[in-house]
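This briefing covers the pockets and a surface patch of one protein model. Please look at the sequence and the structure below before reading the points.

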Amino acid sequence: MGTVYQKRHGTGADLVAGTLIQYGAAATFFAIGAFTLESREVEWALQLQLSMAWLVLGVSIGAILLLMWLIRQGAASQVASLFYLVPPVTALEAYLLFDERLGGLAMVGGLVAITGVALVVTQKRPA
């Protein structure tokens, strides 16, 4: 729903400003929960710091900027269909990086998802 709303009403918004507003709202919401429900004790090990840097800079900010750019460039349905690639790509990464088992059913499911996304992304839009 957010992708369709963004395509319809937010295509003229600045990507950086839009990302800042989205993350500011999310940070406010989760900060309230953290301060009321958690102890807020953190052990700042190097592994945690590197993981946080990757999750914040690469996955969060980079992914949202890419998503907003894709919405601006193409149809919202094509952009939304890319989310179906998350499970097969994650399974492949787990196989390559962590030696997790990749069974036949997982491979067939991944191929079905990839084929479906390819059909949506490569279809020609009516003029």
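In this predicted model, the lining of the second largest pocket is made up of 9 nonpolar residues, 1 polar and 1 charged. The volume of this pocket is about 200 Å³. The largest pocket has a volume of about 310 Å³.

**Second largest pocket**
- The lining consists of Pro 88, Val 89, Ala 91, Leu 92, Glu 93, Leu 102, Ala 106, Met 107, Gly 110, Leu 111 and Ile 114.
- Two or more of the lining residues come from each of the helices α5 and α6, the latter spanning 104-122.

**Largest pocket**
- Its lining is formed by Ala 63, Ile 64, Leu 66, Leu 67, Leu 70, Val 79, Leu 82, Phe 83, Leu 85, Val 86, Val 89 and Thr 90.
- Of the lining residues, 11 are nonpolar and 1 is polar, with no charged residue.
- Helix α3 (46-73) and helix α5 (86-98) each contribute at least two residues to this lining.
- The largest share, 5 residues, is supplied by α3.

**Surface patch and Leu 92**
- Leu 92, Tyr 95, Leu 96, Leu 97 and Phe 98 make a nonpolar surface patch of about 580 Å².
- Leu 92 lies in helix α5.
- Is Leu 92 buried, partly exposed or exposed? Leu 92 counts as partly exposed because its relative accessibility is 42%, and the partly exposed class lies between under 20% for buried and over 50% for exposed.
- Leu 92 belongs to the nonpolar patch and also lines the second largest pocket.

Terms used
Residues numbered from 1 in each chain as written. Predicted model: local features only at pLDDT ≥ 70, side-chain atom pairs only at ≥ 80, totals over all residues. Heavy atoms only, no water. 1 Å grid on protein atoms, 1.4 Å probe; cavity = no way out; pocket = protein on both sides within 12 Å on 5 of 7 lines; lining within 4 Å. Points joined across faces, edges and corners; volume = space filled by probe spheres on them. Helix = DSSP H or I, 4+ residues; strand = E, 2+ residues; numbered from the N terminus. Nonpolar A, V, L, I, M, F, W, Y, C, P; charged D, E, K, R; others polar. Patch = residues over 30% accessible without salt bridge, like charges linked within 9 Å, V, L, I, M, F, W, Y side chains within 5 Å. Areas by Shrake-Rupley, 256 points an atom, 1.4 Å probe, with all protein chains shown as cover. Salt bridge = Lys/Arg side-chain N within 4 Å of Asp/Glu carboxyl O. Buried < 20%, exposed > 50% of the residue type's maximum accessible area, 1.4 Å probe, protein only.
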